[in-house]
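Let's take a friendly walk through this structure, one feature at a time. Have the sequence and the 3D view ready.

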Amino acid sequence: MDSLVASAARLLAAGDPLSALKRVALRDDPPALALRGIAMAQLGDYERARKLLRRAARGFGSRERLAQARCQVAEAEVALAARDLTRRMHKLDAAAQALDALGDRTNALHAHLVGARRQLLVGELDAAEKTLAAVNMAAATVPPPLAARVELTRAELALRRIRVADATVALDRAQAAAVAAGIPALLAEIDRARRALSSPSARLIRAGVVRVVRLDEVEALFASGDLIVDGCRRAVRGPARTVPLAGRPVLFELVGALAGAWPADVRRDQLIERAFLARAVNESHRARLRVEIGRLRAALRPLARIEATPRGFALAPINAPAVVVLAPPIDGPAGSILALLEGGESWSTSALACALGTSQRTVQRELGQLEEEAAVRAVGHGRSRRWLAPALGGFATTLLLPGALAVG
């Protein structure tokens, strides 16, 4: 490695892409192309970065497998930053294995971390936890920027699992490593993650009284033994088990109405208006309500009873001291889209659909409505169109992210 390439590599590691480009901007040899690609990625030009990294990988060829694998890992990280979630990860896995076999433990760790971050982004929390558990920080001399990123990813996973103490410890380790690295952007990202601990993340409805709660209060709520109607994951959580209702919207609306009024009952007309969106209640609606209440009774049988009253129905928990509703800070499916866009990166509709586990058409419909409300804006046209949203101030969006709470 010549002196200019070595100098550019050090500047990139320190987070100074402009100075790095001054050293290699006019060179077309594979090492310079790779460094130019990484610099363009740090500057946000992801498409140009990917083209440069691919040229570098081709230039290195199969005879220089170590350098080629490093380029493949860098390209995978650029794809992640560009929110290209449709790309398969088999090349990244192969590159990680090659790096490990060739003795480059640091970049192998980096490859595993890129994989874990992608899994976290699309809500594959179990897979991300398994990947991070296999990361051995003592197996190599890990540079401070990479150590900070590993700990930050562990903290983000703990936040999504609602493990506040684990997240705090990981953030403290990430902070120490980021200070040693001296990269302002990394420090800002850690500070943003810390704000999720102190900001309101949901609304708690208990006996008709609404208040906002932080993540540590949500964690305490899950351990309280109360019967929780969870509007973030659309499920009913009891002390021993969880009943998912994400695919049964009418049942979830009914149990939400009953839980919000607990210990009082809810009139039949109110239940019909909320569950069926009926403006004028008729006998057909009342018959349908009886059918849906029967289905809800069957679904909740291990957790609660639904008792008929002279004017409607009431929820009676089994082996739970109280009934509460955990409502998201933003109602409706648009909340999860805004939570993903809140990070500041631009997303395509296909990437949003991949992360949310829904259809692209559903995402397009929600984005259209949000655009009318000036909550999001589009850049580009056609297949290159991407979406942005301003930061949502005042509360944390952790509970709105895919897979934030385990159901089952």
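This is a predicted model: local features need pLDDT of at least 70, side-chain atom pairs count only at pLDDT 80 or more; totals for chains, interfaces and linings use all residues.

Arg-83 lies in the loop between helix 5 (65–81) and helix 6. Helices here are DSSP runs of H or I with at least four residues, strands are runs of E with at least two, and both are numbered from the N terminus.

Residues are numbered from 1 along each chain as its sequence is written, and side-chain values use heavy atoms, with hydrogens and water left out.

## Helix 6 meets helix 7

Two packed helices are described by the angle between their axes and the distance between the axes. Helix 6 (residues 90–101) packs against helix 7 (residues 105–121) at an angle of about 160°, and their axes are 8 Å apart. The axes are lines fitted to C-alpha atoms, for helices over the stretch in contact, and angles run from 0 to 180 degrees between N-to-C directions. Helix 6 and helix 7 are therefore roughly antiparallel to each other (under 35 degrees is roughly parallel, over 145 roughly antiparallel, 65 to 115 roughly perpendicular and the rest oblique).

The contact (heavy atoms within 4.5 Å) involves residues including Leu-92, Ala-96 and Leu-99 of helix 6 and Ala-108, Ala-111 and Val-114 of helix 7. By class, the contact of helix 6 with helix 7 has 6 nonpolar, 3 polar and 2 charged residues. For these classes, Ala, Val, Leu, Ile, Met, Phe, Trp, Tyr, Cys and Pro count as nonpolar, Asp, Glu, Lys and Arg as charged, and the others, Gly among them, as polar.

Helix 13 (residues 249–261) and helix 14 (residues 268–276) have axes that come within 9 Å and cross at roughly 140°. Helix 13 and helix 14 are therefore oblique to each other. Among the residues making the contact are Val-250 and Leu-254 of helix 13, plus Leu-271 and Phe-276 of helix 14. Sorted by class, there are 7 nonpolar, 1 polar and 2 charged residues in the contact of helix 13 with helix 14.

Now look at the loop between helix 13 and strand 6 (266–267), where you'll find Pro-263. Is the peptide bond from Trp-262 to Pro-263 cis or trans? That bond is cis, with omega near 5°.

## Helix 17 and helix 18

The axes of helix 17 (residues 349–356) and helix 18 (residues 360–372) come within 8 Å, crossing at roughly 110°. Helix 17 and helix 18 are therefore roughly perpendicular to each other. Thr-349 and Leu-352 of helix 17 are among the contact residues, as are Val-363 and Leu-367 of helix 18. The contact of helix 17 with helix 18 has 5 nonpolar, 4 polar and no charged residues.

## Charges over rings

Which ring has the charged end of Arg-268 over it? The ring of Phe-313 does, with the charged end of Arg-268 sitting 4.9 Å from its centre. Arg-237 lies over the face of Phe-222, at 5.2 Å from the ring centre. To count, NZ of Lys or CZ of Arg must be within 6 Å of the ring centre and within 35 degrees of the ring normal.
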